[in-house]
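Subject: Structure handover and notes

Dear colleague,

Here is the structure we spoke about handing over. Please keep it open while you read the notes.

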Amino acid sequence: MAAQTTTAPTDDADAAARRYRRGALLAVLAGLFSTGFTITILGNSLPRIARDLGTQPSVATWILTGQLLALAVLVPLMGKLGDTLGHRRVYLGGLALFTLMALPTALAPNIGLLIVFRVLGAAGGAATNPTSMAIVMHNFEGRDRSRALGWWQLVGAGAPVIGLVVGGPVVDGIGWRWIFVGQAVISLAAFAVAAIVLRETPRRAAGRFDVGGAASLAAAVVCLLLGMQLLRTLGFDPLTGALLAAAPVLFVVFVRVEARADDPLLPLVFFRARNFTASLVAQFGGNFAYMGSFIITPLLVQQRFGFSTAQSGLAMALRPLTFSIVAPLAGYLAGRVGDRRLATLGLALIALGMAGFVIAATEHRIAFVFVGLAGAGIGMGTASPSLLSAVGNAVDQDRLGTANAAQAMVAQLGVVVGMGLMSTVQAAGSGNRGFAAAYVCALVLASCGALGASSLRETQRRPDAVVTR
């Protein structure tokens, strides 16, 4: 009888903990969906937005470019703040700012204010990405962590697909402004759910803020991303060359500053953990190929295979659709197969997809376009949960926000560099050769990512695999 009286409270506590973990996961997934579902439909609507606001399409692209800059610059800072102030607090603050900016974006009377409101909203979004992932990692460990991250990846990849499918008729029927009205409503609901459900995570003792590290990293990232954007739109000129030359110098300055900082923005000791470094290498290569090819493939099918804009949009949905289907399945398999095997397989499939694009461009075979799309989507969905989990398992719990911010920034850099370099290589070539050369670049980077993934060590938070300082 005594054993029953001591077991029942324990069982009740375990059940309550499981319910909270599920509720917390659903809460952050709702926020992730609300901040991410407009990206694809917004990209497709840029010509219409430019026409409605009386500006050039090249100016309207800064709606997306400004968002990318804000994310790349602020994500590391927000991850650090989450570790010191609490991830719930930073997550809710970021989601609140994002929600507040959605309605002014819908009402913006000119392109300048639209860009400003969108960038401010992206600043809030920069807080939700690393903190939501940290909340997931704080509440799940081992196999459960990989599974939860698979669902996190499903929503992250699936939200843009839903936005494209649902948002297209909305834009055509009543206008692009209603996309942001809908986003305001969904974000407000996600904020309310998160405020009610989420509990605060443990915090690190706050040290002196790393001003030098934040400033040098921000300058390096801005120079790199701005230089890549100008390279795409204006070609190589003195300003573009100066920005691209300054970026690596500023990254060196950042490393030197971090080596001396008492409480660095990005602790260099993280890179002593093989899984941390290997995962970042794999994520950079994978995102370079995945998103770089995402930019030029619509041009390939339109210019070389005669697809209309609507047809190319439907074809491109195959990639994020397969990603969103495979990611949760890969999360469940990670505990059985192992992170290293799944991550390596995923990067190899991305490389195979890039090879399919090369054949499609050189041999003029449309079937290989779909091989490329499916290979990229399935590959990224297979690799991502394991790569994210490997980083979480490589650092101490109270630094999850900082580590997640680092991998988010590296992934973002892979996206922008891939988009910029591949579009530049494609534009510089002639016909099919330009497309083939760009896809070869992606094939090389994806292969490098596969090598990085193959060097992962299988861990389920082994004490000797965790960096604590």
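This is a predicted model: local features need pLDDT of at least 70, side-chain atom pairs count only at pLDDT 80 or more; totals for chains, interfaces and linings use all residues.

Residues are numbered from 1 along each chain as its sequence is written, and side-chain values use heavy atoms, with hydrogens and water left out.

Helix packing

Two packed helices are described by the angle between their axes and the distance between the axes. Helices here are DSSP runs of H or I with at least four residues, numbered from the N terminus. Axes are lines fitted to C-alpha atoms over the stretch in contact, and angles run from 0 to 180 degrees between N-to-C directions.

Helix H11 (residues 274-305) and helix H17 (residues 432-454) cross at roughly 160 degrees, and their axes come within 8 Å. H11 is thus roughly antiparallel to H17 (under 35 degrees counts as roughly parallel, over 145 as roughly antiparallel, 65 to 115 as roughly perpendicular and the rest as oblique). The crossing of H11 and H17 is left-handed, that is, the near helix is turned anticlockwise from the far one by less than a right angle. By class, the contact of H11 with H17 has 18 nonpolar, 7 polar and 1 charged residues (Ala, Val, Leu, Ile, Met, Phe, Trp, Tyr, Cys and Pro count as nonpolar, Asp, Glu, Lys and Arg as charged, and the others, Gly among them, as polar).

Helix H4 (residues 62-85) packs with helix H5 (residues 87-107) at about 135 degrees, the axes being 6 Å apart. H4 and H5 are therefore oblique to each other. On the H4 side, Met78, Gly79, Leu81, Gly82, Asp83 and Leu85 meet His87, Arg89 and Val90 of H5. That contact of H4 with H5 has 4 nonpolar, 3 polar and 2 charged residues.

Nonpolar cores

A nonpolar core is a set of buried Ala, Val, Leu, Ile, Met, Phe, Trp, Tyr and Cys residues joined through side-chain atoms within 4.5 Å. Buried means under 20% relative accessible area, exposed over 50%, and partly exposed in between (1.4 Å probe, protein chains only). The largest nonpolar core has 94 residues, and Tyr91, Phe276, Val369 and Tyr439 are among those with the most contacts inside it. H11 gives the most to this core, with 11 residues. Apart from it lies another core of 18 residues, including Leu42, Ile49, Met101 and Phe180.

Beyond its neighbours within four places in sequence, Val369 is in contact (heavy atoms within 4.5 Å) with Thr297, Leu300, Val301, Phe305, Phe357 and Ala360.

Single residues

Phe37 sits in the loop between helix H1 (2-36) and helix H2 (39-52). Phe37 counts as buried, at 10% relative accessibility. Leaving aside neighbours within four places in sequence, its contacts are Ala159, Pro160, Gly163, Ile179, Gln183 and Ile186.

Leu250, in helix H10 (residues 238-260), is partly exposed at 22% relative accessibility. With neighbours within four places in sequence set aside, Leu250 is in contact with Ser216, Ala219, Ala220 and Cys223.

Most residues other than glycine have a negative phi. His364 is not a glycine, yet has a positive phi of about 60 degrees. His364 lies in the loop between helix H14 (339-363) and helix H15 (367-394), and is partly exposed, with a relative accessible area of 45%.

Regards

Methods
Helices (H or I, at least four residues) and strands (E, at least two) are DSSP runs, numbered from the N terminus.
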